[in-house]
Amino acid sequence: MIELEGVPELIDPVMVAAFEGWNDAGDAASTAVAHLEKEWKGEVFAALDAEDYYDFQVNRPTVFMDGGVRKITWPTTRLSVVRIGGDKPRDLVLVRGIEPSMRWRSFCNELLGFAHELGVELVVILGALLGDTPHTRPVPISGTTSDADLARRMDLEETKYEGPTGIVGVLQEACTHAGVPAVSLWAAVPHYVSQPPNPKATLALLNRLEDLLDLRIPLGELAEDARAWQVGVDQLAAEDTEVAEYVQTLEEARDTAELPEASGEAIAREFERYLRRRDGGGPSSGGHATTDGGEGGSFLRDGPGGRTRPPKPQRPEAETDEPEAETDGSDRSDGDDGGAIGRDGGDGGPGDDAPKD
């Protein structure tokens, strides 16, 4: 039995969750939930027992000094609640943690126990994966659900994915079996620049969350951070002619594929978001999943100065409709960034579509 002392009765609560690890390329998803906690001053009211779900040799605890006293922070998953004011107040239950190392079904059942006790009406799980997408274009965001009715009502894609999955896919399926409406929002992060942070992908996830929940999220400095990130990647990519040519190839493919959407629903969504903000409406690392499976990497390091530059990526030999492989997460606290894209072999090749789990 879960006791939630000190938590008030919630108003139209929605649970928003993100997990570091394989489902969080560029830390885009976990950073999005952290942004919500910061902007709305969320206070943690519960934490899962780290001993039950984490291998501390994979996700190591960290030591810090607090007033001259050494303390340890254990890797876990924490829950907080934020109340959004305005004409139609509502509450968000924010879940932020690390993909568990073991006992995934018990992990999901415990989260669903909290959702039940709090009266959660919808679960939204954020994720990010490495994809064959140019950093110069808007970040592709896909919304998926296992519920056909929910897909129609919320303009989402009904997932048909088959293959290895991460905690995002497992939690979404657990919600479905428990009768809790659940949605996954995925951001595609350029595979050739996977080093976190990626504020552009975080911003895109938050914008899509705004549309989904019909609310206004205060962005703070995130929009400026996203612009600065793109300028920095532009400069790094321009230093390597092969990478610059490859980015141009991705741009042409993307522009051709999305030409029919240049007018229509995409523009309508942007215009609605503009009106909402103008009127003040509403309230104010290890390997990662890729679109074809496998483990992606980051910018390569150059020389003793530590300057980063993009690798020379291989062009994909074939396109794929679904992600197909999952890799083991690495010890994030030890600084392993998972290697570089474009190396020989089968890992880390770019794909083409967002995940359907």
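This is a predicted model: local features need pLDDT of at least 70, side-chain atom pairs count only at pLDDT 80 or more; totals for chains, interfaces and linings use all residues.
Trainee: Which strands does helix α1 lie across?
Mentor: Helix α1 (residues 28-39) lies across β1, β5 (78-84), β6 and β7 (122-131), and runs at about 135° to β6. Helices (H or I, at least four residues) and strands (E, at least two) are DSSP runs, numbered from the N terminus. Axes are lines fitted to C-alpha atoms, for helices over the stretch in contact (heavy atoms within 4.5 Å), with angles from 0 to 180 degrees between N-to-C directions.

Trainee: What's the strand order in the open sheet?
Mentor: The eight strands run β2-β5-β6-β1-β7-β10-β8-β9, with mixed pairing; two strands pair if DSSP finds at least two bridges between them. β2 (43-47) and β9 (157-158) are at the edges with a single partner strand each, so one side of each has no neighbour in the sheet.

Trainee: How many bridges between β1 and β6?
Mentor: Seven, in the parallel sense, between β1 (residues 14-20) and β6 (residues 90-98). Val-16 is opposite Leu-94 in β6.

Trainee: Switching to α6 and α7. At what angle do they pack?
Mentor: Helix α6 (residues 199-213) and helix α7 (residues 222-238) pack at about 140°, with axes 8 Å apart. That makes α6 oblique to α7 (under 35 degrees is roughly parallel, over 145 roughly antiparallel, 65 to 115 roughly perpendicular, the rest oblique).

Trainee: Which residues make the contact?
Mentor: From α6, Pro-199, Lys-200, Thr-202, Leu-203 and Leu-206; from α7, Leu-222, Ala-223, Asp-225, Ala-226, Trp-229 and Gln-230.

Trainee: How many aromatic pairs does the structure hold?
Mentor: Four, a pair being rings of Phe, Tyr and Trp (its six-membered ring) with centres within 6.5 Å. The rings of Tyr-53 and Phe-107 have centres 5.3 Å apart and planes at 85°, so they are edge-to-face (planes over 60 degrees apart; under 30 is stacked, the rest tilted). Tyr-53 is in helix α2 (residues 50-53) and Phe-107 in helix α3 (residues 104-118), 54 residues apart.

Trainee: Which peptide bond is cis?
Mentor: The bond from Pro-196 to Pro-197, with omega near 0°. Pro-197 is in the loop between β10 and α6.

Methods:
Residues are numbered from 1 along each chain as its sequence is written. Side-chain values use heavy atoms; hydrogens and water are left out.
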